[in-house]
Amino acid sequence: MSDPRSLTPEINFRLGISYAGGLVAIGVIYFALAKGGLALASIHPSATPIWPPTGVALAAVLLWGYRAWPAIFTAAVIANATTAGSVATAIAIATGNSLEAVVGAYLINRWSSGCNAFSTPNSVAKFALICFVIATPISASIGLTSLATAGYIERTNFANAWVTWWLGDVTGALVIAPVIVLWASSHYHAFNRNEFLETMGVLATATAVGLIAFSPLIEQTPSRDPLGFLVILPLLWAALRRGPRDTATVALVLAGITIWGTLTGGGPFTTTDLNASFLLVLMFLISITVPSLLLSADVEVRKKGEESLRRAQIELERKVAERTQELELANAAKSRFLAMASHDLRQPLHALGLFVAQLRTPLKSGERTKTIELIDATRKEMDEMINSLLDISKLDAGILTPEVTEFPIARLLQKIETTFDQATRKKGLRLRVRRSDAWVWSDAMLLERILLNLVSNAVRYTLRGGIIVGCRRRGEMLRIEVWDSGPGIPEDQKQNIFGEFFQLATPERNRYGGLGLGLAIVDRLRLLLNHQIDLASTVGRGSRFAILVPIADECVTSTEPVDSPHPAAFAGKVILVIADAPIVQEGMGGLLGKWGYSVLTAGSDEAALIRLAERQQRPDLIISDYHLASGKTGIRAIEQVNAAFGSSIPAILISGDTAPEPLHDAKDRGYVLLHKPVDPMRLRAVMHELFMDRDDRRDTGTAL
């Protein structure tokens with residue numbers, strides 16, 4: 001392979017040749033046009049009304065950069081030195097011509113979007129203003145001042161020569177530069193066959209109109225003079241249909257024919273004074289070119305706007321179609337879920353009906369106890385299904401905020417072993433939980449939920465063998481693994497199993513139960529905690545799920561048990577129960593009464609206030625349904641009671657609504673929300689926490 005450094009001289013040489021070639025090409029074109037223009041001078045050999053080199057020079061600097069000035073300067077020096085004046089005046093005139101191009105290009109780049117100057121009406125107007133007021137007066141002023149100083153022009157003729165010079169440069173800039181820039185700019189792409197034919201048609205029409213109106217081939221009469229206004233037709237066609245490029249080209253074609261006709265004595269601008277005739281031509285060309293470029297730029301902007309709107313409409317339609325498809329898929333998934341959930345929830349309900357029917361028949365003591373245990377197990381199975389739905393609802397509502405702390409993983413592993421020991425024994429499975437003394441950084445409750453779902457999933461799907469839960473250190477991470485000897489997961493289903501309501505299609509699917517939400521919850525929780533999860537599985541041999549958790553420094557904490565108050569410590573406290581269903585009032589009142597509480601039940605906030613007024617007693621806790629009769633909510637009922645007593649009473653809301661709104665409402669007001677069916681032990685634990693918190697605040701003197 002060649003050394004790149006050895007290629008540098010060759011590359012530099014090629015670049016140098018290219019630069020020199022470009023300068024020569026620009027200089028030759030400039031010189032040829034300059035000599036042609038100076039040949040038409042009549043008022044002074046150096047002051048000609050026809051000066052296309054200005055447009056060439058301006059376009060060259062815009063397209064090629066400021067490095068083009070040496071070619072302009074050199075060509076101008078040679079052209080003027082071989083025409084009139086001296087070498088000194090030729091250098092001065094060339095300096096003015098170069099400054100005209102460089103200053104004009106600089107201002108156009110700065111204020112008028114450079115080569116994109118013809119894309120909007122605003123930039124076209126700025127381009128014309130720069131050429132009129134700033135750039136072209138530089139050349140006329142420097143050139144004629146140098147000639148006057150050297151004595152090559154009479155002072156009485158200075159003003160007339162200056163106007164001729166200036167208008168010649170203005171016309172060259174406005175007619176020649178746009179054509180070169182627009183045809184050379186890369187963003188004006190080549191046209192297709194239809195566009196090519198239309199462009200040829202526009203140019204042919206412009207040529208025909210020019211010949212009819214200005215050609216010396218037709219005798220000039222007073223009735224022919226108005227035909228000059230026909231030039232508006234091809235210009236309008238180009239501006240409305242073909243864009244700035246063809247508009248500028250049509251203006252150039254008309255300019256060439258008009259100048260040719262005037263020079264040969266044809267057309268409406270011919271007078272006895274050739275210079276005056278050309279000045280009329282220049283004003284005519286300026287008056288048709290600038291408005292046409294403005295119109296074409298405006299049409300171009302509108303076309304681009306329409307095209308953008310069309311693309312936006314197409315994109316919107318595409319997104320609507322995608323969204324519609326997503327909604328259709330979601331609706332289909334919802335229908336599938338309802339069908340599955342209906343089947344899976346009906347199973348335990350069906351079993352409960354059978355067990356209740358057994359209780360209505362004469363049973364021995366042992367049979368009755370066993371039936372009650374089966375009813376409780378079936379209730380727990382329903383609770384697990386509904387809790388899965390609630391977990392998904394909470395995650396969708398975005399109300400779960402991780403509380404990351406450091407804690408020993410052993411505590412969590414102990415709970416896993418305690419929770420699933422009996423379930424695995426009943427299925428004849430072996431459960432092994434390997435201890436670890438590691439401490440981790442995570443949310444203890446959410447990580448526990450992840451592991452509970454993983455192990456529950458393993459227990460549900462494993463029919464023989466066992467489950468192993470253990471930990472491995474991997475650098476600064478602790479890898480918590482759950483192994484099972486279940487049916488395994490096919491390779492093409494490993495991503496799908498983390499979707500909602502997804503269950504593997506197996507012949508024994510119905511015996512596994514569940515709604516297919518466990519792994520979806522695991523996936524969302526690990527994303528919330530920013531924990532990585534890994535899956536390895538072999539069909540027929542089992543699966544291994546692993547979650548990586550950051551390791552924390554081990555902490556030394558007291559191992560002495562913390563005394564918790566005995567349930568009897570809160571006996572006698574007054575509980576207000578608000579529920580619009582009498583059966584719920586009766587069930588809740590009976591349960592709380594068995595726990596030793598004094599219970600008041602009511603169906604609404606008004607009834608609750610009446611009962612409290614009768615008892616003349618402030619409740620220690622309010623338990624209310626979230627949805628009450630007449631569209632009222634438990635939050636309103638709690639606030640009514642609080643307002644009546646002028647203080648904040650601890651409250652628990654109970655709802656069967658899994659939508660996000662109740663979750664947000666309860667969280668915003670600091671209330672605990674439990675979802676139906678409420679596990680009695682869960683309710684009792686929450687009540688104790690509220691009582692303990694209230695007692696702690698009373699002991700520390702915190703206002704209630």
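Where in helix 6 does a kink of about 30° lie? The kink lies at Ala177, shortly before the proline Pro178, the bend at a residue being the angle between axes fitted to the seven residues ending there and the seven starting there. This is a predicted model, in which local features need pLDDT of at least 70 and side-chain atom pairs count only at pLDDT 80 or more, while totals for chains, interfaces and linings use all residues. Residues are numbered from 1 along each chain as its sequence is written, and side-chain values use heavy atoms, with hydrogens and water left out.

**Overall make-up**
- The chain has 20 helices and 12 strands, which are DSSP runs numbered from the N terminus (helices H or I, at least four residues; strands E, at least two).
- Of the 704 residues of the chain, 43% count as buried, where buried means under 20% relative accessible area, exposed over 50% and partly exposed in between, with a 1.4 Å probe and protein chains only.

**Helix 6**
- The 27 residues of helix 6 (residues 158–184) should span 39 Å at 1.5 Å a residue, and its end C-alpha atoms are 38 Å apart, which agrees; the expected span is 1.5 Å times one less than the number of residues.
- Helix 6 is mostly covered, with 19 of its 27 residues buried.
- Thr171, which lies in helix 6, counts as buried because its relative accessibility is 8%.
- Apart from neighbours within four places in sequence, Thr171 is in contact (heavy atoms within 4.5 Å) with Ile176, Leu282, Leu285 and Ile286.

**Salt bridges**
- A search of the whole structure finds 21 salt bridges, each a side-chain nitrogen of Lys or Arg within 4 Å of a carboxyl oxygen of Asp or Glu.
- A network of salt bridges links Arg472, Arg479, Glu481, Asp534 and Arg544.
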